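Me: I am new to this structure and would like to learn how to read its features one at a time. Could you take me through them?

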Amino acid sequence: MNQTASDGLARSYPVPADEGLRLRELQRHQLLDHDGDQHFDRIVKLASAIFDMPIALISLVDHDRQWFLSREGLEVSETPREVAFCAHTIAGNEVMVVPDALQDERFSSNPLVLSPSGIRFYAGAPLRTKDGHNLGTLCVIDQKPREFSTEQQQQLRMLADVVMREIEWRHDSSLCPVTGLSNRGALFSVGKREMEQARSGAESMALICLDIDNFRQINNRWGHPAGDQVLLDFSRLCKGFLREQDFIARLGDEEFVILLIGRDSDAALQLAERIRDAVSRMNGVFSRSGYHLSISGGVSAFAHDDTSFGDLVQRAERALELAKTNGRDQIVSLLSS
C-alpha cells in the first residue's frame with residue numbers, strides 16, 4: 001500500500017501487484033501528455049450522455065498522477081494520484097462504484113470530495129491491455145449521490161472496451177507489418193525513459209543488436225515472401241527468450257535490437273549466444289537446401305557516463321559491425337566508447 005499524501009488529507013491507495021510492468025506498458029503505449037483527440041472526446045461525451053453525468057473522463061494512472069486522455073465537464077488535465085479515485089479502480093478488474101463518497105471511508109476526507117461542487121458519485125471501469133495490465137479507467141462522476149445498476153455497469157464496461165480497442169489499434173498500427181515489432185522511434189522513446197530510470201535507481205540495462213547474416217541471399221534465392229517469413233520466425237524466436245519488461249524492435253531490414261531491463265553485459269552476452277545457437281537450428285524454406293541461417297550480434301551495457309540512449313545504441317552497433325567484419329556468425333561485446 002502507498003502511504004498518505006504529504007499534506008495528510010488523502011487516504012492511502014492500493015498499488016497493483018503488477019505496478020512496475022503496468023507503468024512500463026503505459027509508457028510504451030505513448031499516450032501520456034498528448035493533445036486532445038476527437039475520437040476519444042466523442043466517447044466521453046457519449047458516456048456523459050448515456051449515464052446523464054456531468055463529468056466523464058478517460059484517465060491514465062501514471063506513477064504519481066492521473067492524466068486525462070480525454071475529459072468532459074472538467075477543466076484540469078491531471079490530478080495527483082493520491083487523490084485519484086481511479087487509482088483504486090486499477091487495483092481490480094471490475095467496475096468500481098462509489099454511490100456517495102462522503103459515506104465511503106476511502107474518500108470521505110479526499111479534498112476532491114470536500115471541495116465546493118466536490119465529487120459525490122463515481123463509477124469507473126479499468127482500461128485493461130491484452131497482457132492484463134490496467135492503464136487507467138473510463139469513469140463518470142457526479143456532484144450528488146447516485147445509484148448505478150448492474151446494467152449500467154455493463155454498459156460502462158463495454159464503453160471502456162471500446163476505448164481500449166482504439167488504444168490497442170493505434171499502438172498496433174505503428175508496429176512493423178511483417179514482424180509486429182516496434183520501430184526505431186518507439187525504441188528510442190522507450191530507451192530514453194528506461195535509461196533515466198536505470199540511472200536514478202543505479203540499475204543495470206543492456207542492449208543487443210542482432211543482424212541476420214546474408215539476408216539478401218534468402219530474398220534472392222527463395223523470394224521476398226520467404227524472406228518475410230524468416231523475419232517473422234526470427235522475431236518470434238527472440239521474443240521467446242525475453243521477459244515482459246524487456247523490449248524488442250526492428251531497426252532496419254534485417255537488424256533487430258533487444259533492450260534488456262535489469263540485466264548486465266554478461267547476462268546480455270549469454271542471451272545473445274543462446275539466440276545465435278537457436279537460430280542455427282531454425283527450420284524454414286531453406287531447411288532441405290543445405291543453407292544454414294546465422295546471425296551476428298553486438299552487445300553493450302548502460303554506462304553512467306552515457307549522455308543519451310543513442311550512445312548505448314551506437315556502441316552496440318559498433319560491436320555488431322566488428323562481428324560482421326570478423327567473419328559473421330558471432331557475438332561481440334563492446335562496453336565502453
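Me: How are α6 and helix α10 packed, at what angle and with their axes how far apart?

Reply: Two packed helices are described by the angle between their axes and by the distance between those axes. In this predicted model, α6 and α10 (residues 309–325) pack at an angle of about 115°, and their axes are 9 Å apart.

Me: Which residues in α6 meet which residues in α10?

Reply: From α6 come Arg184, Leu187, Phe188, Gly191, Lys192 and Met195. They meet Phe309, Gly310, Leu312, Val313 and Glu317 in α10. Sorted by class, this contact has six nonpolar, two polar and three charged residues.

Me: Next, the sheets. What is the order of the strands in the open sheet of five?

Reply: The order is β8-β9-β7-β10-β11, and the pairing is mixed. At the edges stand β8 (247–250) and β11 (331–333); each has a single partner strand, so one side of each is left without a neighbour in the sheet. From one strand to the next, the twist averages 15°.

Me: In which sense do β10 and β11 pair, parallel or antiparallel?

Reply: Strand β10 (residues 295–301) pairs with β11 in the parallel sense, over three bridges.

Me: Which strands does helix α9 touch?

Reply: Helix α9 (residues 265–280) packs on the sheet and touches β7, β9, β10 and β11. The direction of α9 makes about 170° with that of β10. Helix α8 (residues 224–239) lies across β7 (205–212), β8, β9 (255–261) and β10, and runs at about 155° to β7.

Me: What is the order of the strands in the open sheet of six?

Reply: Here the order is β3-β2-β1-β6-β5-β4, with antiparallel pairing. The edge strands, β3 and β4 (96–98), each pair on one side only. Neighbouring strands of this sheet are turned by 25° against each other on average, with direction ignored.

Me: How many bridges join β1 to β2?

Reply: Six bridges join strand β1 (residues 55–61) to β2, and the two run antiparallel. A hairpin of three residues connects β1 to β2. Along this pair, Ala56 stands opposite Glu72 in β2.

Me: And how many residues lie between β2 and β3 in their hairpin?

Reply: Five residues lie between them, and Gly73 in the turn has a positive phi of about 85°. Three bridges join β2 to strand β3 (residues 78–80), again in an antiparallel run. Two positions can be followed across: Trp67 has Glu78 in β3 as its bridge partner, and Gln66 stands opposite Thr79 in β3.

Me: How many of the residues of strand β2 are buried?

Reply: Six of the eight residues of β2 (residues 65–72) are buried, and the strand is mostly covered.

Me: Which strands does helix α5 lie across?

Reply: Helix α5 (residues 150–173) lies across β1, β2, β4, β5 (121–128) and β6 (134–142). Its run is at about 40° to β5.

Me: What is the volume of the second largest pocket?

Reply: The volume of the second largest pocket is about 460 Å³. Its lining has 25 residues, of which Leu23, Arg24, Gln27, Arg193 and Gln197 lie nearest its centre. Helix α1 gives the most to this lining, with seven residues.

Me: Which residues line the largest cavity?

Reply: Arg24, Glu194, Gln197, Ala198, Glu203, Ser204, Met205, Ile261 and Gly262 line it. The volume of the largest cavity is about 40 Å³. Helix α6 (residues 184–201) provides the largest share of the lining, three residues. The lining residues divide into three nonpolar, three polar and three charged.

Technical notes: Residues numbered from 1 in each chain as written. Predicted model: local features only at pLDDT ≥ 70, side-chain atom pairs only at ≥ 80, totals over all residues. Heavy atoms only, no water. 1 Å grid on protein atoms, 1.4 Å probe; cavity = no way out; pocket = protein on both sides within 12 Å on 5 of 7 lines; lining within 4 Å. Points joined across faces, edges and corners; volume = space filled by probe spheres on them. Helix = DSSP H or I, 4+ residues; strand = E, 2+ residues; numbered from the N terminus. Nonpolar A, V, L, I, M, F, W, Y, C, P; charged D, E, K, R; others polar. Pairing = 2+ DSSP bridges. Axes fitted to C-alpha atoms, helices over the stretch in contact; angles between N-to-C directions. Contact = heavy atoms within 4.5 Å. Buried < 20%, exposed > 50% of the residue type's maximum accessible area, 1.4 Å probe, protein only.
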